[in-house]
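I am opening a notebook on this structure. The entries follow what I looked up, one topic at a time.

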Amino acid sequence: MITPSYPPKPSPGDRIAVLSPGAGLPGLFPVPHELGLERLREEFGLEPVEYPATRKMGATPQERADDIHAAFADPDIKAVIASIGGDDQITVLPLLDRELIRANPKPFFGMSDNTNLLAFLYSTGIVGYHGATVMVQLGRPVAMDPLTAESLRAALFTSGPYELRPAERWNDINRDWAEPATFASEPETRPGTGWIWHNADRVAEGRGWGGCLEILAGLLMADREVSHDLSVYDGGVLFLETSEEMPSGTEVFRTLRSMGERGLLQRFSALLMGRAKTWSFEQPNSAADAARYAVEQREAVLSALDIYAPDTLTVLDVDFGHTDPQLVLPYGGTIRVDGPERRITVTY
């Protein structure tokens, strides 16, 4: 296992690849995609470059792998960002040229289904960045959330420590991208509730690993991009979050239980659990039901830890998952969790 290292950062004016390694949803919903591209240009000073499968729904795994290879091989491309997630990016992984990508390290930004590519980069020796897709975070109606924008800017352009802050207001209720009215006003938000600390009598620092729990479960089942030498995760910081699929507390517990039975869960010095997304178009929870779901998930996480890793420093409801705003985490980079001071600092 290769220890991941940070790739060179882009500068304003550089070209940045915009890919769809998961799903070509920009082809179905061009408005948030175009808005995200505009913000990359005007607010971040970068020149986005699209590839053949970026807007192609139903692109084959090979077509998506070809785009990844082209973006990493091009010396004029200084970073890569995903348009959005998807469902079957795991089928792209066997087609990737590990040596080509290792020889051309670049910052990659993505989340959700992009956990696949982030885990691939980790095992290839490249630090990636969990968060900030074009359509969701950059394409947010009216304006990016300031906390998201600040975190993304720091991750894109700077190297060094960056302290994460709890969201003062947040949201997890989506509006229909097909409706023009969606983009006429900012999403409604509600007051933040802060982070929940457990076993917070110590400081833990290590390389970040994890991502979207449902995708990570798929990687574990397929035996891809998870090292058989579990010692490579010793002392690391595990970070996990769940998607709009809203897995039940039972499902969350079972996944963590399997990680524990494999001997993986107990390797990490700390766990950051993302704030649960509690609403979806398929399951539009009431406020009361949403609150119950969030409690159920927290209890499932702590129950699994009690069995397999009872002393793990844990922070729940951290703002890095499928909720808004979204903090960027370095995947393979250093994360410091200071329990006594109640501070989380990442190294971008």
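Which residues line the largest cavity? I note before answering that I am working with a predicted model. I found M273, G274, A276, A294, Q297, R298, V301, L316 and D317 in the lining.

Entry on the cavity. I looked up how many cavities reach 30 Å³ or more, and the count is one. I then asked which elements supply at least two residues each to the lining, and they are β12 (270-274), α9 (287-308) and β13 (313-318). Helix α9 gives the most, with four residues. Sorted by class, I have five nonpolar, two polar and two charged residues in the lining.

Entry on the sheet. I traced an open sheet of six strands, in the order β2-β1-β3-β4-β5-β14, with mixed pairing. At its edges I have β2 (47-50) and β14 (329-331), each of which pairs on one side only.

Entry on one strand pair. I looked up β5 (residues 128-130) with β14, and they pair in the antiparallel sense over three bridges. For G128, I found Y331 as the bridge partner in β14.

Entry on the helices. I see helix α4 (residues 115-124) packing on the sheet, where it touches β4 (108-110), β5 and β14. The direction of α4 makes about 150° with that of β4. I also followed helix α2 (residues 61-73), which lies across β1 (15-19) and β3 (77-82). Helix α2 runs at about 170° to β1.

Terms used. Residues are numbered from 1 along each chain as its sequence is written. This is a predicted model: local features need pLDDT of at least 70, side-chain atom pairs count only at pLDDT 80 or more; totals for chains, interfaces and linings use all residues. Side-chain values use heavy atoms; hydrogens and water are left out. Two strands pair if DSSP finds at least two bridges between them. Contact means heavy atoms within 4.5 Å. Axes are lines fitted to C-alpha atoms, for helices over the stretch in contact, and angles run from 0 to 180 degrees between N-to-C directions. On a 1 Å grid over the protein atoms alone, a cavity is a set of points where a 1.4 Å probe fits but cannot get out, and a pocket is an open set with protein on both sides within 12 Å along at least five of seven lines; lining residues have an atom within 4 Å of a point. Grid points are joined across faces, edges and corners, and a volume is the space filled by probe spheres set on the points. Ala, Val, Leu, Ile, Met, Phe, Trp, Tyr, Cys and Pro count as nonpolar, Asp, Glu, Lys and Arg as charged, and the others, Gly among them, as polar.
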